[in-house]
Amino acid sequence: MEIPLSKMHIDEQTQEAVLAVLTSGRYINGQNLRAFEEEFADFCGTKYAVGVSSGTSAILLSLMALGIGKEDEVIVPSHTFIATATPAKFMGATIVYADIDPETYTIDPSEVREKISARTKAVIPVHLYGHPCDMDSLNELAKAHNFYIIEDACQAHGAIYKGKRTGSLGDIACFSFYPSKNMTVLGDGGMVTTNDEELAKKVRMLRDHGRTQKYIHELLGLNCRLSEIHAVIGREQFRHLVKWNQRRREIATRYNTLLDNSGVTVPVEKSWAEHVYYMYVIRTSQRDGLASYLKERGIETGIHYPVPLHQQPCIRANVNLPITEKYVDEILSLPMYPQLGDEEVQYVASAVRNFMENIKCQE
Ligand SMILES: Cc1ncc(COP(=O)(O)O)c(C=O)c1O
């Protein structure tokens, strides 16, 4: 059996929708973008959604719209994809790293509290692997210390925190539609969501050269637009998101049962959370051996992420983050995508169990 880590869905309807855009003659800022934005905002429970060229540009434009710059500090988890933090560096801000909660892998609010200074202007909690962050604790801190919350929801389309969807839980939120995500535009794309009219207006301008009308540029902007082709693909994918997330959750439950008492640590879902399992991540001190064993059996795995951000050459910082540093050597992402069959889940879980049993016998 060959089982990839993730898989994309492309159907005939998507191909037809793309063809219709190709022949329409309208490729930028058209009706598909507008419709996609409306549908996505409605889903997240926000007043506004603004389509952009990637999750990275969503974060960059959010920081720009909030006016974050040189004098400011932005607190981020170190255990995340690099694009959570690099946009803050581009804005000239200082990146401050916080450790993660040992159960959920998401930013630990008590760590954030310790890292707050008079210069803290924003915190970027990441709903990592699809599990929402402890948002009440973070929002409380934001209120008390007067900083913004920028949700990095790039891995959490449709995840729920206390009855509310990610994207609606802070001041502004950022999504990615990169191919492996829970929904994709089969290329690069992203979305910014917010309830703040002024912020939405700014992001809308900033993604399009800061213009207010043709050849009048009020803000220093960029070209970070989402094309009509990508928007129409996003709309097609979006129709399946809830069903796909449901299947991801079923697969996770199945893995959890099959891996019970196997010796690996399985993901936790907090009582206040609805996890959408962008990644299904286990932990074991035997990670590298297990990954090789699975590879030999046709099972692809991943490490999200092997080098924490505070150790990355371009944004290195001298800081001690014990949980992050321990976990990077233990985490392993198993195959997870809605089309994964029960038999395949069984095959992967049995291989994990076999490996762990062999290890036990050798000890
Ligand atoms: C947590 C996180 N933040 C930011 C990004 C950046 O998104 P993109 O690749 O669309 O620029 C990603 C996706 O890759 C991500 O997983």
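# Terms and values in a predicted model

Visitor: Why is E37 called buried?

Guide: The relative accessible area of E37 is 6%.

Visitor: What makes the contact of E37 with R204 a salt bridge?

Guide: The closest N and O atoms of E37 and R204 are 3.0 Å apart. The term requires a side-chain nitrogen of Lys or Arg within 4 Å of a carboxyl oxygen of Asp or Glu, and therefore the pair qualifies at 3.0 Å. The bridge links distant parts of the chain, with E37 in helix α2 and R204 in helix α7, 167 residues apart. R204 is partly exposed at 31% relative accessibility. The structure holds 20 salt bridges.

Visitor: How do you know that R297 and E296 form a salt bridge?

Guide: Their closest N and O atoms are 3.4 Å apart. The cut-off is 4 Å, so R297 and E296 count as a pair. E296 is exposed at 64% relative accessibility, whereas R297 is partly exposed at 29%. D288 and R287 also form a salt bridge, with a closest N to O distance of 2.7 Å. R287 is buried, at 5% relative accessibility.

Visitor: Which residues are linked in a network of salt bridges?

Guide: The network links R247, E250, R254 and D342.

Visitor: What makes D171, D196, E197 and E198 a patch of negative charge?

Guide: Asp and Glu count as negative, and these four gather on the surface. A patch takes residues with over 30% relative accessible area and no salt bridge, with like charges joined within 9 Å. E198 has a relative accessible area of 48%, so E198 passes the 30% limit. Exposed would require over 50%, and therefore E198 at 48% is called partly exposed. E198 lies in helix α7, residues 197–206.

Visitor: Why is the patch of L19, L22, Y27 and I28 called nonpolar?

Guide: Leu, Ile and Tyr are among the side chains taken as nonpolar. The patch made by L19, L22, Y27 and I28 covers about 370 Å². Y27, in the loop between α1 and α2, is partly exposed at 40% relative accessibility.

Visitor: Why is the peptide bond from H304 to Y305 called cis?

Guide: Omega of this bond is near 15°. Most peptide bonds are trans. Y305 is placed in the loop between α10 (287–296) and α11 (322–327).

Visitor: How do you know that β1 and β9 are paired strands?

Guide: Pairing needs at least two bridges. Five bridges join β1 to β9 (residues 190–194), so the two strands pair. They run antiparallel, and G51 stands opposite M191 in β9. Strand β1 (residues 48–52) is largely enclosed by the rest of the structure, because four of its five residues are buried.

Visitor: In which sense do β2 and β3 pair?

Guide: Strand β2 (residues 73–77) pairs with β3 in the parallel sense, over five bridges. E73 has T94 in β3 as its bridge partner. Strand β3, residues 94–98, is mostly covered, with four of its five residues buried.

Visitor: Why do β7 and β12 stand at the edges of their sheet?

Guide: The sheet is open and antiparallel, with three strands in the order β7-β6-β12. β7 (164–165) and β12 (273–274) each have a single partner strand, so one side of each is left without a neighbour in the sheet. Two bridges join β6 (residues 160–161) to β7. At least two are required, and therefore this pairing meets the limit. I160 stands opposite R165 in β7.

Note on methods:
Residues numbered from 1 in each chain as written. Predicted model: local features only at pLDDT ≥ 70, side-chain atom pairs only at ≥ 80, totals over all residues. Heavy atoms only, no water. Patch = residues over 30% accessible without salt bridge, like charges linked within 9 Å, V, L, I, M, F, W, Y side chains within 5 Å. Areas by Shrake-Rupley, 256 points an atom, 1.4 Å probe, with all protein chains shown as cover. Charge placed at Lys NZ, Arg CZ, Asp CG, Glu CD. Buried < 20%, exposed > 50% of the residue type's maximum accessible area, 1.4 Å probe, protein only.
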